[in-house]
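Student: I have a structure open and would like to talk it through with you. Could we go step by step?

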Amino acid sequence: MLPFVWMILGSLKARGEFFIQPTVWWPEEFVWSNFPDALEQGALGGLIDSLIIATSSMIISVGLGAPAAYAIARFQLGRQHLSFWILSIRMFPPIATILPLFVIYRYLGLVDTHLGLIIAYTVFNLPFAIWILMSFVQELPLEIEEAAKVDGATPFQIFRLIVVPLVAPGLIVSALFTFIFAWNDFAYAIIFSGSNVEPLPVVIAQFAGGHEILWGPISASAVIAVLPVVVMAFFLQRYLARGLTMGAVK
């Protein structure tokens, strides 16, 4: 917790306290102006851009990943070869795709757009969501679905009314992790962003200029960046504990 505590205390320090020796651990007086200064200098726009991109990628990844995971797990779609190929996409180093993606994006006009970053993050988030949700679907007793078939339910009704509610913890886990992956990314954000779209990690990096480093706004922006994920994890912790346990045990 020390880096997290240091970040919070740094966001409340006066500018001169960052350069005093010996190190000032506890601010002499809490300086709250670092937060409005950071928001005015671009953190607010970066927060909005990051929320749009990360939330959109999360919704698409989970929305497409759930039916794909069900089809692979229950109907053996593609057998083991398709599931391994999907996982191999997540293993691929994202940095290796930046140059070809940039060429394609520039041709299609997707550079410096929300859509471009959403697509890039979804390409790597979707395999993760599918792989996680497959283990949850495989944990469900097949007899429940067979009983629904006897009652005349269609495969889509079984998926929507039975499977989705039962794998809800897995959906929560997949949603949170895909959100974090898109929220924290810096490599794609710095390459595919510009004057129109600047995710929060890019904005934070810009506070470190060539002549000075604005430690107060950097710390304040970092606290702002952490808050959405902490809030999500706090309210979803009941589902996360169950979901992580179910997904880890077969």
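This is a predicted model: local features need pLDDT of at least 70, side-chain atom pairs count only at pLDDT 80 or more; totals for chains, interfaces and linings use all residues.

Student: Which residues is Ser174 in contact with, leaving aside its neighbours within four places in sequence?
Tutor: Here we look for heavy atoms within 4.5 Å. With the sequence neighbours set aside, the partners of Ser174 are Val62, Ala129, Ile132 and Leu133.

Student: What separates the C-alpha atoms of Ser174 and Gln157?
Tutor: Along the chain these two residues are 17 residues apart.

Student: How do helix 2 and helix 8 lie to each other: parallel, antiparallel, perpendicular or oblique?
Tutor: Two packed helices are described by the angle between their axes and the distance between the axes. For helix 2 (residues 34–75) and helix 8 (residues 168–184), the axes come within 8 Å and cross at roughly 140 degrees. Roughly antiparallel would need an angle over 145 degrees. Helix 2 and helix 8 are therefore described as oblique.

Student: How many nonpolar, polar and charged residues are in the contact of helix 2 with helix 8?
Tutor: From helix 2 the contact includes Leu47, Ser50, Leu51 and Val62. Helix 8 brings residues including Leu171, Ser174, Phe179 and Trp183. Sorted by class, the contact of helix 2 with helix 8 has 11 nonpolar, 6 polar and no charged residues.

Student: Ser57 is in helix 2 too. Which residues is Ser57 in contact with, leaving aside its neighbours within four places in sequence?
Tutor: Ser57 has a relative accessible area of 0%, so Ser57 is buried. Apart from those sequence neighbours, Ser57 touches Ile118, Tyr121, Thr122, Asn125 and Ala182.

Student: And how does helix 5 lie to helix 8: parallel or antiparallel?
Tutor: The axes of helix 5 (residues 114–139) and helix 8 are 9 Å apart, at an angle of about 160 degrees. Angles over 145 degrees count as roughly antiparallel. Helix 5 is therefore, relative to helix 8, roughly antiparallel.

Student: In which hand does helix 5 pass helix 8, left-handed or right-handed?
Tutor: On the helix 5 side of this contact we find residues including Tyr121, Asn125 and Phe128. On the helix 8 side, Pro169, Ser174 and Phe181 are among them. As for the hand, the crossing of helix 5 with helix 8 is right-handed.

Student: How many aromatic pairs does the structure hold, and which kind do Phe102 and Phe192 form?
Tutor: In total there are 14 aromatic pairs. In the pair of Phe102 and Phe192, the centres are 6.4 Å apart and the planes are 15 degrees from each other. Planes under 30 degrees apart count as stacked.
Tutor: Phe102 lies in helix 4 (residues 98–108), while Phe192 lies in helix 9 (residues 187–192). The pair therefore ties together parts whose separation in sequence, in residues, is 90.

Student: Is Phe102 buried or partly exposed?
Tutor: A residue counts as buried under 20% relative accessible area. Phe102 has 28% relative accessibility, so Phe102 counts as partly exposed.

Student: Which kind of aromatic pair do Phe128 and Phe181 form?
Tutor: Phe128 sits in helix 5 and Phe181 in helix 8, 53 residues apart. Their ring centres are 5.2 Å apart, with 80 degrees between the planes. Planes over 60 degrees apart count as edge-to-face. The pair of Phe128 and Phe181 is edge-to-face.

Student: Stepping back, how many helices and strands does the protein chain have?
Tutor: Of its 250 residues, 40% count as buried. The C-alpha trace spans about 75 × 45 × 25 Å along its principal axes. The tally for the protein chain is 12 helices and 0 strands.

Key: Residues are numbered from 1 along each chain as its sequence is written. Side-chain values use heavy atoms; hydrogens and water are left out. Axes are lines fitted to C-alpha atoms, for helices over the stretch in contact, and angles run from 0 to 180 degrees between N-to-C directions. Helices (H or I, at least four residues) and strands (E, at least two) are DSSP runs, numbered from the N terminus. Angles under 35 degrees count as roughly parallel, over 145 as roughly antiparallel, 65 to 115 as roughly perpendicular and the rest as oblique. Ala, Val, Leu, Ile, Met, Phe, Trp, Tyr, Cys and Pro count as nonpolar, Asp, Glu, Lys and Arg as charged, and the others, Gly among them, as polar. A crossing is left-handed if the near helix is turned anticlockwise from the far one by less than a right angle, and right-handed if clockwise. Buried means under 20% relative accessible area, exposed over 50%, partly exposed in between (1.4 Å probe, protein chains only). Rings of Phe, Tyr and Trp (its six-membered ring) pair if their centres lie within 6.5 Å; planes under 30 degrees apart count as stacked, over 60 as edge-to-face and the rest as tilted.
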